[in-house]
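Hello,

Please find below the structure you are taking over. My notes on it follow.

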Amino acid sequence: MVATMRTEPFWFSMKRRLCLATAGAVVLGAYIGLRTQSAVSQAAVSYELNDVHFHLTNYVQEGTDIHAFLKLMGNKVGRVALFGIPLQQEWSYQNSGDFAPTYYLQTDAPLYYYSFTDAYIAMAYRSLSKEEQARFDPMITGFNPADMYAADHIRRVLKTFPGVFSGIGEFTIHKEFVSAKVAGETASLLNPALDRILDFAAEVGLIVLIHNDMDVPFAKAGSEPAYLAQMKSLLKRHPKTKVIWAHTGLGRVVRPVTHHAATLEAILKDPQFGHVYFDISWDEFAKYLVATPEAVKISADLINRYPRPLPVRHR
Ligand SMILES: [Zn+2]
């Protein structure tokens, strides 16, 4: 999810409810870009895109220095939703000896929640000038979504770093290869701790970016997507919370469900889900979008049919 991924150029020219979010491309940017015109220098108007999905750090809390990243953004990327990774990949000597894993697929050792990521992101943001800060939307992600106290962590971070954070996420409920490795109680869409988090986000006006696979890996063809109904009822329980569903619920091996575009359209056109957005970030998602000319056409048509700007914090 780091600044190497780009999708097909024709994506950049749309303003839709489907957010283009490779580690550099966000259609909604055009909307957000317009709003930031006053805060950022004249160069802003020439930005090509904004990004709603950028992890500054990896699974061992290392990553790009924010000033170096700003140089990478250059005059192409206007504004970026910025967050860390809420999970630390443990380096277990018993498991991998001297080999220091940096990704969750490199070891069987567990993952555990790492709350310091929020302080790290806040201090990186604070090291920027006012004008540079206007190009970032830091998000809180260092909490355990299965913990009823998670909402209290979010409140504490907001109080500790006033004026820094715009939203929460990306945080994860069901994710292939990851959820089963997380130490402690497994996160669930049915857990009231998650409802407390979404209620609090609505109360203080934080946008929510959630990673939740729509289905299980290697699901039987034509079977009911494992987590679609639960996710829809969660979204219905929180009509006042703006929610971005990352990667439209897909992953490395969690493939598009049968009639995936139609499944998304059913949500996009249902007024009950007027508060729901999708991002299409990550190479592992983009590969499905560009798999065939037909997939490209279906995706582009869907994006063209659902123009809705994303509500962003004014600067
Ligand atoms: Zn994700």
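**Salt bridges**

E284 and K287 form a salt bridge in which the closest N and O atoms are 2.6 Å apart. This is a predicted model, and that applies to everything that follows. Both residues of the pair, E284 and K287, belong to helix α10 (residues 283-289), where they are three residues apart, or about one turn of the helix. E284 is buried, with a relative accessibility of 18%, and the cut-off for that label is under 20%. K287 is partly exposed, at 34% relative accessible area. The pair also belongs to a network of salt bridges that links R252, E284 and K287.

The structure holds seven salt bridges. Another of them joins D195 to R237, with 2.8 Å between the closest N and O atoms. D195 sits in helix α7 (residues 192-204) and R237 in helix α8 (residues 228-237), so this pair ties together parts that are 42 residues apart in sequence. On the accessibility side, D195 counts as buried at 15%, while R237 is partly exposed at 38%.

A salt bridge also connects the side chains of E265 and R305, at 2.7 Å from N to O. This pair links distant parts of the chain, with E265 in helix α9 and R305 in helix α11 (residues 293-305), 40 residues apart. E265 is buried, with a relative accessible area of 17%. R305 is partly exposed, with a value of 45%.

**Zinc site**

Which protein residues are donors of the zinc ion? They are E170 through OE, H211 through ND1 and H247 through NE2, and they lie 1.8 to 2.4 Å from the ion. Along the chain, these donors follow the spacing E-x40-H-x35-H. H211 lies in strand β8 (residues 207-211), and H247 lies in the loop between β9 (243-245) and α9, so the two histidines tie together parts that are 36 residues apart in sequence.

**H275**

H275 is located in the loop between α9 (260-268) and β10 (276-279). The residue is buried, with 3% relative accessible area. A polar atom of the H275 side chain lies 2.8 Å from the backbone oxygen of L235.

In soluble globular proteins, nonpolar side chains tend to be buried together. Here the largest nonpolar core has 56 residues, and the members that touch the most others are F136, I168 and F171. There is also a second, separate core of 14 residues, which includes I85, L87, Y104 and W282.

**Points to keep in mind**

If you set up calculations on this model, these are the items to look up in the coordinates: the zinc donors E170, H211 and H247, the contact between H275 and the backbone oxygen of L235, and the salt-bridge network of R252, E284 and K287.

Regards

Note on methods
Residues are numbered from 1 along each chain as its sequence is written. This is a predicted model: local features need pLDDT of at least 70, side-chain atom pairs count only at pLDDT 80 or more; totals for chains, interfaces and linings use all residues. Side-chain values use heavy atoms; hydrogens and water are left out. A nonpolar core is a set of buried Ala, Val, Leu, Ile, Met, Phe, Trp, Tyr and Cys residues joined through side-chain atoms within 4.5 Å. Buried means under 20% relative accessible area, exposed over 50%, partly exposed in between (1.4 Å probe, protein chains only). Helices (H or I, at least four residues) and strands (E, at least two) are DSSP runs, numbered from the N terminus. A polar contact is a pair of N or O atoms within 3.5 Å; within protein, one must be able to donate a hydrogen and the other to accept it, and residues adjacent in sequence count only if both atoms are side-chain atoms. Donors are N, O and S atoms within 2.8 Å of the metal (3.2 Å for Na, K and Ca); water is not among the atoms, so sites may look incomplete. A salt bridge is a side-chain nitrogen of Lys or Arg within 4 Å of a carboxyl oxygen of Asp or Glu.
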